[in-house]
Amino acid sequence: PLLGVDPIPAPLMMEDHSQALASWAEQGIRDAVVINFDSHGDIRPIPESKIATLQDMYRRRDWKGFKEADSVADHGLYNIGNWLYAGARLGIFREIYWVIPHNMFPGNDYEEHLRQFLRSRMFSVKDIQTFRMDNKQFRGLFNGIPITVCSPESLPDINSPLLLSIDTDFFPVYSNAYRTHYLTALNKIFRAIFRKNYRIQGAVVSYSVNGEYLNPHLRWVADTVGMILNDPKILDEPPSAMLKLLLKLDNAYRSTDPVTILKHVKHYDPLYPEAPILLYKAYAHMLNGDTDKAYETAAASCKIDKRYCAGLPYIGSLYSVKNDCVTAERFFRAGIAADPEMSNGVHRLAQCLRDNGNFSEAVVYYKKTVLLNGSFPMGFMLFETYLMSGNRQEALNSLKAAVRSLEQYPYAEVINQPTADAIYTAIDYTDKEDLKDMLKTLRDHMAVKHMLINYPRSHLIPALQGL
C-alpha cells in the first residue's frame, strides 16, 4: 500500500512496541528498513548468550517461545528497550531510521546537540564517533547496525517497501517541543510522512501505557493514529466532535483546570459514556479534592474499557507524590484488582506499604514488580525492605539477584531517590558484611557513579541500624 493514498489494512495496535517483532518474524519479513517514530531508541544491546537463544528459536520457528521471550523480567530475551537491536541481529531489519520528537536540528550547534543526545541515550563513545550529518540526518552505527537519527522535517527518501513503527509516547514530547496540541501534531506528522510516498510492508502502533511511558488518558491519540492509517482521507476532513472534545479536555487537563474539564463533560451527554472522557473527568474531581468522585469515575472508565484501568494507579501515583499514601493505596489496589497483569503502580503501592511499616505486604508487591520487570532496580528495594523487617537471609538473597541483574545491565539508570537510597543501603551492607565482590560491582558500575552525583544520600539508612 502507498501510505497516504491506500488504507493500511489492520495495522498492529500493540500495548508494547516490542510485540511487533514476533509478528514480523512469523510473517517471514527479512532485511527490512524500519522508520521508528519514538521518544526512545529501543536499540539497547542484548547479551550474546540471549541473542544465541533467540536465534535458535528463530531458526526453529518456535513462535510461541519467541513471543514469550518478550519480557523486561530477568528471564526475557528481548523487550521494549532493545527489540530493534534484536530484530537487526536476527536479520529482520537491515537499517533503522529513528525519528525523534525533539526539536534539535535547527541552529548552528545541532550536530553537537545530537551527540549529547546520543550520549544521554547511552550510545558508546565509539559508536557516536561514527555519526555524521547528511542532509539534516545524523547517520552512524550502533554496534555495527546502520541507524539514522532524523526529524519529521528531514524524513528519508526510501523507494523499497518499509516497516512503519509509531510509539505514541512520541506525541507528548513532540507536542511540548513544538508547542502544539495533539490534533495539530498528528496532522503535521502524517502530512510529512505522506509526502514521502512510502510503500508500507507493515505498520505497528504502540500504546506504551504499560511501563508508564504514556499517560493512560492519552490512549485516544494511539487510536487516532490507527484511524489515520486505516483511512488517510480523515486528514482532509474536520475533526470529529469526539476528537474536538478530547482535545478540549486535554488542554484543560494540561492547564490543571478542573472547572473547564467538568464544564466540557457536562455538555457531552452520550448514550454510552466513553472511557477516556470519564478518565479526564476523574482527574478533574481529583484536582477539585473530591477523592470519592475521582475514584468512582475512574472505576467507571475502567469498567467500560479495561485498557483504561491504568487510570486508577495513575491517579494513585498523583496522591502518592503528595505523600497521601492512604488515598493512593485505594486507587492502586483497585487498578491491580481490575487488571492483575498490570505493572503500573505496583512498585508505588509497595513503597506506600513499606512507608507505613507494612513490610510483609510490601514484599509481596515488590516481588511482583521483580517478576514483571526484572531485578533492577526493584530488587534493591526488596533487599532493603527485607532488611528493615529483620529477615537478613532473604535480604541477602534479594541483594545477590539485584547485583547480578545490575552487572548484566550496563545501561541501567537510577532515576529516583528511593532507588538510590536502597543502593546506598546495599553499598553500606556489603561493606559492613565484607562482601567484597558485590561491593566492587556496585562501586564500579556507571549507573552507581552517576547516582552519587545525581542522587546524594538523603538520610541515614535505618535498615542498617543494629547490624
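I'm working from a predicted model, where local features need pLDDT of at least 70, side-chain atom pairs count only at pLDDT 80 or more, and totals for chains, interfaces and linings use all residues. Residues are numbered from 1 along each chain as its sequence is written, and side-chain values use heavy atoms, with hydrogens and water left out.

Entry one, H16 and H17. I looked up helix H16 (residues 346-355) against helix H17 (residues 359-373), and they pack at about 160° with axes 8 Å apart. Helices here are DSSP runs of H or I, at least four residues, numbered from the N terminus. Axes are lines fitted to C-alpha atoms over the stretch in contact, and angles run from 0 to 180 degrees between N-to-C directions. H16 and H17 are therefore roughly antiparallel (over 145 degrees). On the H16 side, the contact (heavy atoms within 4.5 Å) includes Val346, His347 and Leu349; on the H17 side I noted Phe359, Tyr365 and Tyr366 among them. I get eight nonpolar, three polar and three charged residues in this contact. Ala, Val, Leu, Ile, Met, Phe, Trp, Tyr, Cys and Pro count as nonpolar, Asp, Glu, Lys and Arg as charged, and the others, Gly among them, as polar.

Entry two, H10 and H12. Helix H10 (residues 241-254) packs on helix H12 (residues 275-287) at about 20°, axes 10 Å apart. That makes H10 roughly parallel to H12 (under 35 degrees). H10 brings Met242, Leu245, Leu246, Leu249, Asp250 and Tyr253 to the contact, and H12 brings Pro276, Ile277, Tyr280 and Tyr283. I read this contact as nine nonpolar, no polar and one charged.

How values were computed: Angles under 35 degrees count as roughly parallel, over 145 as roughly antiparallel, 65 to 115 as roughly perpendicular and the rest as oblique.
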